[in-house]
Amino acid sequence: MGEFIIKMPDVGEGVAEAELVEWHVKTGDPVREDMVIAAVMTDKATVEIPSPVSGIVTWLAGEVGDRIAVKAPLVRIETAASTAGAEPTAVAQPKAAEPVKVETPKPVPKAPTPATPPDEKPLAAPSVRLFARESGVDLRQVQATGPAGRILREDVEQFLNQGAAPAPARAGFARKTATEEVKLTGLRRRIAEKMVLSTSRIPHITYVEEVDMTALEELRATMNSDRKAEHPKLTVLPFLMRALVKAISDQPDVNATFDDDAGIITRHGAVHIGIATQTPAGLTVPVVRHAEARGIFDCALEMNRLAEAARSGTATRDELSGSTITISSLGALGGIVSTPVINHPEVAIIGVNKIATRPVWDGTQFVPRKMMNLSSSFDHRIIDGWDAATFVQRIRTLLETPALIFIEG
């Protein structure tokens, strides 16, 4: 018999630890070679760890949500024979069983005998009835001490002090007092940490502008109907990505990252656009790299590929990092305005709201136009309000006159 120790692998350059997000085995389980035994997460990329040997699991390093250092023991496996190259055996100390606290069940209070016959309405002032209703007390259960058998507020309070069970709520209005504690792990914890980092260190300024998308929607419909078989169906986002590239060429400060510890702004020549994507596990931001070198259909293809990888959990760490500006879209869900949170350490994020047909005054009459709001946030340490507005207005011009998007230079 032998023992093989699987250690936490080096999951990325500069990564010292990874979070354990899923066990596929438990102590005592048999495993075979190449069987996936665990999943760990670094940044927002999940890495599966297979077993290189067959045997029986004898020890696991921790629980889901624990952070395990790179090269630290992760799993111990008992093998049928001495394993060449096995790590030195270390006897894992089992945790002492914690004493189980046994609570004596509290006696269930008995409902008192009704003080008022069920077919009679108790006498009480409206204020007392309201107090009883808010306290969940059936006045027919309360002994009256007031004149002519009237129930006083003190009678209700006395009823409650006696520990009497409140009256059952009406169907459909039952009170729910249960709580549930859910440990924040995996991607949800990463999202929480990222949001705290962004909002605690970046003073946001948010600017909202409405854009007439009528011309672009007509162009998009034409391009989709005439597209080649190898071309994907176009949404609004590839057009917005190309508009961003052109607007950034006029205002390179927007396509930047800010190291506020060192006080250094890095302007990026490359336009790496993060696309905030909702996945079954939570929000991820895959990155379309070098949007400045991609056409409309190429942007759409790469965006679709990355979104699918993010949703299936197969996106790599490199595909989920390195963005220089981000697009956040809640358009499919509706909504008029949003407050996008900047993806630290970037300095700008563009939020897309839903396109809706609205009446617009053209100077002589109201006409139906397809309108969309852009809700965009900027790091106010780097981007002044004037510059933020200028940037968004440039995007607006490009989207409202989409031919400008395709003009080179």
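Is Phe406 buried, exposed or partly exposed? Phe406 counts as partly exposed, at 39% relative accessibility (buried is under 20% relative accessible area, exposed over 50%, partly exposed in between, with a 1.4 Å probe and protein chains only). The model is predicted: local features need pLDDT of at least 70 and side-chain atom pairs count only at pLDDT 80 or more, while totals for chains, interfaces and linings use all residues. Residues are numbered from 1 along each chain as its sequence is written, and side-chain values use heavy atoms, with hydrogens and water left out.

**Aromatic pairs**

- Rings of Phe, Tyr and Trp (its six-membered ring) pair if their centres lie within 6.5 Å; planes under 30 degrees apart count as stacked, over 60 as edge-to-face and the rest as tilted.
- By this rule the structure has three aromatic pairs.
- The planes of Phe239 and Phe406 stand at 75° with ring centres 6.5 Å apart, so this pair is edge-to-face.
- Phe239 is buried, with a relative accessible area of 0%.
- Trp361 and Phe366 also form an edge-to-face pair, 4.9 Å centre to centre and with 65° between the planes.
- Phe366 is exposed, at a relative accessible area of 57%.

**Charges over rings**

- A charge sits over a ring if NZ of Lys or CZ of Arg is within 6 Å of the ring centre and within 35 degrees of the ring normal.
- The ring of Trp59 has the charged end of Arg76 over it, 4.9 Å from its centre.
- Over the face of Phe131 lies Arg153, at 3.9 Å from the ring centre.
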